[in-house]
Amino acid sequence: MSKVRAHISTSLDGYVAGPNQSMENPLGEGGERLHDWLVELKAWRELNGMEGGEENDSDALVREENANVGAEIMGRGKFGPPSRGAWGDDPWQGWWGDVPPFHKPVFVLTHHERAPLTLSDTTYTFVTDGIQSALEQARAAGGDKDVFIGGGANVINEFLAAGLLDELELHVVSILLCGGARLFEGVGPDVTLEPIRVLEAPGVTHLKYRVVK
């Protein structure tokens, strides 16, 4: 059976985005540093239509994480814009331009209805009736492949608290953000994570867990 997986970069103090997210700082103040290790990788550059890049242990891991994923679920915070709210007459189309790097169906959790949006080979479907509905739709769209929970923190926390996540991989970067969007906020003490892999790589330590149910 397909898995529900999440992986996300986090600071040492548990933040996946810094404080004061804005159009100028989509990941908050200092948040871009969470992905310094990622954006130089060949695997990441390929997904974004770019050439070159580093090939190291992190590159192989990112390729593994993106393999066998049939659909993604993300929160309104990841899709944007930072102001959230109603879509308006000229609705936001995401941070990624006309050719998003997802190359698969994406389901966006939101409180505001909107017709699906197709850009290149990515179709965004906007889900207003919660994470269970989003998961059912993602599984139907992805077939036998895994479903990736793309963040941000609130969405991953919701899936953890609801017992709907199978695996979680943290990319721990040695910085302190001291505020922002925090992983595990409000998840509760009943969630048990079993470590299954630790990998040190340039600029980051990868910690992979199985969610015990």
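## Strands β1 and β7

Strand β1 (residues 4-11) runs parallel to strand β7 (residues 146-149), and three bridges join the two. Strands here are DSSP runs of E with at least two residues, helices are runs of H or I with at least four, and both are numbered from the N terminus. Two strands are taken as paired if DSSP finds at least two bridges between them. Within this pairing, Arg5 has Phe148 of β7 as its bridge partner.

## Basis of the model

This is a predicted model, in which local features need pLDDT of at least 70 and side-chain atom pairs count only at pLDDT 80 or more, while totals for chains, interfaces and linings use all residues. Residues are numbered from 1 along each chain as its sequence is written, and side-chain values use heavy atoms, with hydrogens and water left out.

## The sheet

The open sheet has nine strands in the order β5-β6-β4-β3-β7-β1-β8-β11-β10, with mixed pairing. Its edge strands, each pairing on one side only, are β5 (117-119) and β10 (192-201). On average, neighbouring strands of the sheet are turned by 20° against each other, direction ignored. Axes are lines fitted to C-alpha atoms, for helices over the stretch in contact, and angles run from 0 to 180 degrees between N-to-C directions.

Helix α3 (residues 57-66) lies across β1, β3 (69-75), β8 (167-173), β10 and β11 (204-212). Its direction is at about 140° to β10. Contact means heavy atoms within 4.5 Å.

## Strand β8

Seven of the seven residues of β8 are buried, where buried means under 20% relative accessible area, exposed over 50%, and partly exposed in between (1.4 Å probe, protein chains only). In a regular strand the side chains alternate between the two faces of the sheet. In β8, Glu167, Glu169, His171 and Val173 point one way, and Leu168, Leu170 and Val172 point the other way.

## Aromatic cluster

Rings of Phe, Tyr and Trp (its six-membered ring) pair if their centres lie within 6.5 Å; planes under 30 degrees apart count as stacked, over 60 as edge-to-face and the rest as tilted. By this rule there are nine aromatic pairs. The pair of Phe79 and Trp87 is edge-to-face because the ring centres are 5.9 Å apart and the planes are at 80°. Trp96 and Phe102 are also an edge-to-face pair, at 4.8 Å centre to centre and 80° between the planes. One aromatic cluster is formed by Phe79, Trp87, Trp96, Phe102, Tyr124 and Phe126.

Phe79 is at 0% relative accessibility and so counts as buried. Trp87 counts as buried at 11%, and Phe102 is buried with a relative accessible area of 8%. Two arginines lie over the face of Trp87: Arg76 at 3.6 Å from the ring centre and Arg114 at 4.5 Å. A charge sits over a ring if NZ of Lys or CZ of Arg is within 6 Å of the ring centre and within 35 degrees of the ring normal.

## Trp96

Trp96 lies in the loop between α4 (76-79) and β4 (106-109). Its relative accessibility is 24%, so Trp96 counts as partly exposed. Apart from neighbours within four places in sequence, Trp96 is in contact with Met74, Lys78, Phe79, Pro101, Phe102 and Tyr124. Gly70 is 26 residues from Trp96 in sequence and 19 Å from Trp96 in space, C-alpha to C-alpha.
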